[in-house]
Amino acid sequence: MSFDNAYEAIAETHPEGDARWAFGTGFDDPLSGVDTTVPEGVDTADLAAYCLMLGDDALLLSQRLTEWVTRAHELEDEMALANIALDLLGQARMLLSRAGSVEGAGRDEDALAYFRSEAEFRNVRLAELPMGDFGRTTASLLVFSTWRLALLNRLVGSADPVLAAIAAKAVKEVTYHREYAARWAVRLGDGTEYSAERLRAGFADVLPLVDELFAGHAVERRLAASGVAVDSTELREEFEQVLGQVCELATLRLPEVDRTGTVGGLAGRDGVHTEHLGYLLAEMQSLARSDPEATW
Amino acid sequence: MVTRTESDRTVAAEVAASVTDPELPMLTLADLGVLREVVVTGVGAVVVTITPTYSGCPALAEMRAELHHRLTRAGYDDVRIRTELSPPWSSSWITERGRRKLAEHGIHPPDDRAGPPTASGGPVPLTLGPPRRTVHCPRCDSAATERTSEFSATACKALYRCLDCREPFEYFKEI
């Protein structure tokens, strides 16, 4: 008799009808049973790095959105933010598992999420930005999901079948995330003077980090040449068009801001982050680090 | 031996198809369209293929455990559960029976003509207007309903309320 993980073994001994809710949260490999063979000719170090980039983006924004739970203004919005976070967490789990298995150094999704330090994270800095008030959260989620949807929609055609499958699933989810953020942007922007001001202030915090989303990275360019990755420099036009459409309906004029630059040409994709990431990781990783042998 | 494998296949398929979704217990995995394939590979050996509804759906691990549990109890000593991501699950895969059972339990089944916008190769259009769905209250059948949230207690549902009987209800959304 073989078990894929400890939970199945535990579940196995329980009589039918017995509550085993505590074992149902599932920390097993989300790619278990998926054919993860790397296509011929694809550089495994690059592929692992790319999966880590897209996985870290989703993981950190998911963690940020979760901070709203118990604090949102309406139960409906709390559920929405938690559901969006859950979708992103699912995407992160698959992408980190893919990164770990392609890397081949024995690191699983948990090792990657809980036992890397700041400089080893490869997310864009936007994903680690604190959520601030709901105005900033709306701006942040709109920018992030508009960019990510454009990216994923192209990644569906990736030469890596696992990335293509993860993207095809995620496109459907992120479409709902973008709709949610866009609707709130219209509601706040075209609401009262005060709500419009809060949204505008939110955009003023988020927009400085936008250039990084379209900067491209050497890993990404090499993989894009072989049809595995999406060249993010090509996404800007679609992004601006969607954002413009929302701003028009929201009667919102985006603030002029100074752009956050790179550090000697390096940014989030190279492990150079804002001061916010350390605090986020301290909270996210503390339990796993204080008891690395713990099982759920 | 042939007969044994034949009956094995039927039993395994029936057992797997009877496993229910932990969060929508009125639906079996077959009703939900999550169960892709049941293959008996030898005496007592079975491979079940399932697909997740949403990337982060926490019910998937429970479904796998339950399939394993039930098939082992039915006498299979070599049970493997495969996860297949592609093609991605769609709410249009919910069977007619599944739709009927959802409605009987006060959950409005998905309206697959209403979208979501499917990937046509081009950019995914922003809809922003009210959803293109006709939603009747599952309790009083009134068409005067409004959406309160596109997200609900599980990833797969939206939240509505009826403006006539004033009851809230859930809507299984299209993906």
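Predicted model: local features only at pLDDT ≥ 70, side-chain atom pairs only at ≥ 80, totals over all residues.
**Stop 1: chain A**

Select chain A and colour it by secondary structure. Next, colour chain A by burial: of its 296 residues, 50% are buried. Of the contacts in chain A with a separation of 6 or more, 73% join residues 24 or more positions apart.

**Stop 2: helix H3 of chain B**

Now select residues 59-73 of chain B, which form helix H3. The helix has 15 residues, and the distance from its first C-alpha to its last is 21 Å, close to the 21 Å expected at 1.5 Å a residue. Is H3(B) mostly covered or mostly open? It is mostly covered, with twelve of its 15 residues buried. Among them are B:Leu60, B:Met63, B:Leu67 and B:Leu71, along with B:Glu62, B:Arg64 and B:Glu66.

**Stop 3: where the chains touch**

Show both chains. The contact takes 45 residues from chain A and 38 residues from chain B. On the side of chain A that touches chain B, select H1 (6-13), H3 (75-103), H5 (134-155), H6 (161-189) and H9 (236-249), each of which gives two or more residues. Which helix gives the largest share of this side? H6(A) does, with 15 residues. Finally, colour this side of chain A by residue class: 23 residues are nonpolar, eleven are polar and eleven are charged.

How values were computed
Residues numbered from 1 in each chain as written. Chains lettered and ligands numbered in written order. Buried ≥ 20, exposed ≤ 12 C-beta atoms within 10 Å, placed from the backbone. Contact = placed C-beta atoms within 7 Å. Helix = DSSP H or I, 4+ residues; strand = E, 2+ residues; numbered from the N terminus. Expected span 1.5 Å × (residues − 1). Nonpolar A, V, L, I, M, F, W, Y, C, P; charged D, E, K, R; others polar.
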